[in-house]
Amino acid sequence: MAAHSGGLTAVAPSGTAPSAVTSPGGTVSVRNLIRSFGPKGVLNGVDLDIAPGEFVALLGPSGCGKSTLLRALAGLDHDVRGSGVISVPERVSVVFQDSRLLPWDSVLGNVTLGLREHDAEARARKALAEVGLAGREKSWPHELSGGEQQRVALARSLVREPQLLLADEPFGALDALTRIKMHGLLQDLIAAHRPAVLLVTHDVDEAIALADRIVVLDSGRVATVRTVTPEVGSAVDAAGHEALRRDLLADLGVEPVASH
Amino acid sequence: MSAAPVLERPAVEPHQDPALTGRPDVRPTGHRLGPGRRRRLAWLLGPSALLLLWTVSSATGLLDPRILSEPWTVVATAGELLADGRLQENLAISAQRAGLGLFFGIVVGALLALLSGLSRVGEALIDGPVQIKRAIPGLALIPLLILWFGIDETMKVLTITLGVFVPVYLQTHAGLRGIDLRYVELAQTVGLSRAAFIRKVVLPGALPGFFLGLRFAVTGAWVSLVVVEQINATSGIGYMMELARTYGQTNIIVLGLAVYGILGLISDGAVRFFERKALSWQRTLAG
Ligand SMILES: Nc1ncnc2c1ncn2[C@@H]1O[C@H](COP(=O)(O)OP(=O)(O)O)[C@@H](O)[C@H]1O
Ligand SMILES: [Mg+2]
């Protein structure tokens with residue numbers, strides 16, 4: 001099913017229905033996207049393209065509309081006023097900041113949720129093994145730690161072999177150590193499954209470490225786009241890493257602190 | 001702050017693990033606010049205490065048998081009525097009425113709650129009338145039901161059904177409406193069909209509310225049963241008690257009350273048992 005299916009709850013009052021199409025080539029394209037809650041515009045004409053397999057990080061100050069953009073791509077904004085043209089691939093998976101596991105279903109049941117293939121369970125087991133949770137299939141979500149829950153959420157999204165993975169601050173609620181481990185895990189998973197990724201984050205270092213391209217959102221528009229070369233992204237002591245970091249912080253309106 | 005004080009562990013419970021007996025077990029015991037672990041059969045304590053109080057006050061003559069029969073008289077009466085088959089007969093017909101009324105009430109209540117919780121049209125059509133029904137005491141409908149259906153079984157089962165479906169509807173509906181919208185979004189992102197959404201998200205999410213309604217419903221079913229059986233019936237525990245009243249047989253009346261009490265306790269226990277099984281994913285104070 002395409003990401004932009006109708007709502008599952010009661011029928012929403014019909015408003016200005018934003019257009020959305022499934023892109024044949026698996027690319028993401030957003031044109032002149034406008035979204036507003038009430039009189040104030042949140043997104044004021046966003047243009048964005050993501051190539052198949054490309055990893056894009058979306059940076060921006062809190063409240064600038066990152067989640068609004070991601071939810072538009074996920075087709076979760078039925079009731080939000082706006083316009084624009086969005087096209088996304090057929091298979092889209094979403095990872096939220098909270099792991100969003102159904103508390104009444106087992107870990108395995110959460111990963112197989114919505115899978116219709118006959119080998120769904122075997123695939124879910126494999127995905128759980130991939131995120132290092134083999135043997136925890138029968139656990140309840142509340143029996144797992146926060147990091148483990150988020151790994152289940154990753155398994156749940158990747159078992160669908162998405163062409164586009166949308167992640168809204170997926171590691172935001174985790175401690176620093178777990179976050180670093182999750183970065184490594186995510187990189188491995190992405191190397192194996194090769195989806196395009198849009199990662200919303202407020203962490204400049206996370207964006208540099210993971211992304212091919214960093215998009216900074218400001219005042220409801222794409223303010224800057226910066227490319228991260230593999231060399232710069234791979235190590236914090238690489239040449240250009242510190243400069244990129246400084247530039248991004250400047251994009252975000254943060255003055256460098258001369259403390260180190 | 002200094003380190004937490006190390007307290008001797010109160011010897012409330014021995015170790016469950018035999019491999020650990022004899023090892024020192026000194027740990028800081030925080031001030032526990034929850035009620036602690038569940039204990040089996042603990043629910044029997046209250047009813048047993050009540051029974052003990054009844055027995056003691058009867059035995060000491062504190063309680064006049066003309067006001068309340070002694071427990072042993074009631075037991076003897078039960079024996080007699082069992083021997084001539086009247087108790088089983090009346091109990092069976094009462095249980096059948098309550099069971100049928102419960103069944104229909106639960107099905108109707110749960111279905112209406114689903115319809116009204118999952119569609120705006122359903123809510124607009126269903127919720128208002130149910131709230132109106134809720135405002136009318138179920139027993140106030142009995143005269144009308146008698147006019148419509150006579151005094152046969154239909155009327156009795158219907159009265160119970162009408163009493164049962166309201167709490168099931170209200171609690172299930174509340175549970176359903178309380179399902180976190182985040183799970184609804186999730187269901188959409190993983191591409192659940194409407195049927196799968198109902199099966200995987202709506203029903204399990206509404207289950208705690210449903211069980212709460214069920215407990216009200218079960219109690220309510222017995223209450224309605226008493227009333228319909230005492231107003232117009234020629235069989236059933238309530239009829240047996242009503243008949244005993246005309247002959248001044250306190251012992252049979254008390255026996256009837258005891259039977260209702262036991263039935264209520266058993267049925268509530270059964271609901272709670274299934275509730276615990278079905279909601280084992282929940283972490284609550286009840287444990
Ligand atoms: N459901 C909503 N109703 C009203 N305002 C909202 C809603 N969701 C987001 N907003 C507003 O839109 C702006 C952008 O929010 P969001 O996209 O969540 O920002 P962020 O970049 O932090 O993810 C914020 O000012 C927020 O208050
Ligand atoms: Mg956000």
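Buried area is the accessible area, computed with a 1.4 Å probe, that two parts lose on being put together, summed over both.

## Interface of chains A and B

In this predicted model, about 2,500 Å² is buried between chain A and chain B, and carbon and sulfur atoms give 64% of that area. Chain A brings 29 residues to the contact and chain B brings 24, where contact means heavy atoms within 4.5 Å.

The rule finds 3 salt bridges across this interface, a salt bridge being a side-chain nitrogen of Lys or Arg within 4 Å of a carboxyl oxygen of Asp or Glu. R71(A) forms a salt bridge with E185(B), and their closest N and O atoms are 2.6 Å apart.

## Surroundings of ligand 1

Residues near ligand 1, with a heavy atom within 4 Å of it, include F37(A), K40(A), V42(A) and P61(A). Oxygen atoms of ligand 1 lie 2.8 Å from a backbone N or O atom of K66(A) and 2.7 Å from an N or O atom in the side chain of S67(A). The protein covers 55% of the 560 Å² of accessible area that ligand 1 has on its own, by the Shrake-Rupley method with a 1.4 Å probe.

## Basis of the model

The model is predicted: local features need pLDDT of at least 70 and side-chain atom pairs count only at pLDDT 80 or more, while totals for chains, interfaces and linings use all residues. Residues are numbered from 1 along each chain as its sequence is written, chains are lettered from A and ligands numbered from 1 in the order in which they are written, and side-chain values use heavy atoms, leaving out hydrogens and water.

Notes
Polar contact = N/O pair within 3.5 Å; in protein donor to acceptor, adjacent residues only side chain to side chain.
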